[in-house]
Amino acid sequence: MRKLLIILIVSLFALLAACSDDASEDPVEEDSDEEAVTDPNESEEGENEEPEFTYPLTGLGAYEEPKNRALAVMVNNHNKARPQTGLGNADIVYEYLAEGKITRLLAIFQSDIPDVVGPVRSAREYYIETAKAHEAIYIYHGAADFIEEDLRAGWVDNLNGAYYDDDQFLFKRESFRQAPHNSYVMLPNAYEIASRNNIEREVDHESWEFLSDDELVEGETANEVNITYYDNLKVSYVYDSSSEQYTRYSDGVKSTDLETEEPIEVSNILIYETEHRVADDQGRRFIDRESGGNGYLIQKGKVKPIEWRNDNGLMKPYIDGEEAKLVPGKTWINVIPLSPGLEQGVTFE
């Protein structure tokens, strides 16, 4: 019995010694691969690399060649349609007078396609011509019969919400607003619908002129810009020197996105004066986009006078005979009547 006890004690000490040796060894790592460790300051997929391309309507960098065709959306700007959705994503927005004392917006999207844009409203001739000049697909909801006939005949590649009304793929009606202020386009799906209709989805858009990093902006101070269409229709822009952006206001209320509540901010403001006249008994307008005229270019807290010219259908800014350069970023273009015009209708602070 005593001999058996001695054997058990010896075995126990041997086992404890073995455990101690195992514990002193370094732990085994699971398939570590030192080559997979990256510098935290380096990004995946060449994020720190300089973009090879630029977006033609914003001048901002793009890592892939931007071939997608621009989408030009008729956006409702009635006070019952504000705040809008997706408007702040547009590369360029044109603000023209519609009937009466309201404006309507043509938002050009190419570099940034939001999920939803709206409310969407009906077509007008000068918006159509602007979309066509941009080689964009024109997206609207409804039109007068004589305009719709020309659109169906091929005036410009287009998608009419009246044919897709609340189909829940291209257009949807929202319950929180009443018609005609509640039709929204699900914008990415416009490319799919365009394909079904044999509409070209890719084009080479011609680039606007943009300033390089080392080019300075000169002009008079313009920290606040005020545009008066009518006594009850005013647009303002307020400059933030830290972001070098202008925040837009409509009738004294900050323009924001309905979904994100983010303010609409732009790098460039163009104001053009041109002839306006009422064209029919419905109050529709003729707006001269051809003859050229005077205007202002506002960027980085500065304003300078320019002239606008019709350049292949686009109203472009010129200084001393050369196309004026924009700051890379988003642009808003306000087209105003000759009366009150630039002198009486536009002020700067």
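Hi everyone, thanks for coming. Of the 349 residues in this chain, 46% count as buried. Please keep in mind that this is a predicted model. The chain has five helices and 24 strands. As for the surface, the chain exposes about 18,900 Å², and carbon and sulfur atoms supply 45% of that.

Now let's go to one helix. Thr130 sits in helix α2, which covers residues 125-133, and Ala131 is found in helix α2 too.

Let's take Thr130. Is Thr130 buried or exposed? Its relative accessibility is 1%, so Thr130 counts as buried, the cut-off being under 20%. What does its side chain reach? The side chain of Thr130 comes to 2.8 Å from the backbone oxygen of Tyr126. Leaving aside residues up to four places away in sequence, Thr130 touches Tyr94, Tyr96, Leu106, Arg289 and Leu314.

On to Ala131. Here the relative accessibility is 0%, so Ala131 counts as buried. Which residues does Ala131 touch, again not counting those up to four places away in sequence? They are Ala72, Leu106, Ala136 and Tyr138.

One more pair to find on your screens: Ala131 and Met74. They are 57 residues apart in sequence, and their C-alpha atoms are 9.7 Å apart in space.

Conventions:
Residues are numbered from 1 along each chain as its sequence is written. This is a predicted model: local features need pLDDT of at least 70, side-chain atom pairs count only at pLDDT 80 or more; totals for chains, interfaces and linings use all residues. Side-chain values use heavy atoms; hydrogens and water are left out. Helices (H or I, at least four residues) and strands (E, at least two) are DSSP runs, numbered from the N terminus. Buried means under 20% relative accessible area, exposed over 50%, partly exposed in between (1.4 Å probe, protein chains only). A polar contact is a pair of N or O atoms within 3.5 Å; within protein, one must be able to donate a hydrogen and the other to accept it, and residues adjacent in sequence count only if both atoms are side-chain atoms. Contact means heavy atoms within 4.5 Å. Accessible areas come from the Shrake-Rupley method with a 1.4 Å probe; for residues, only the protein chains shown count as cover.
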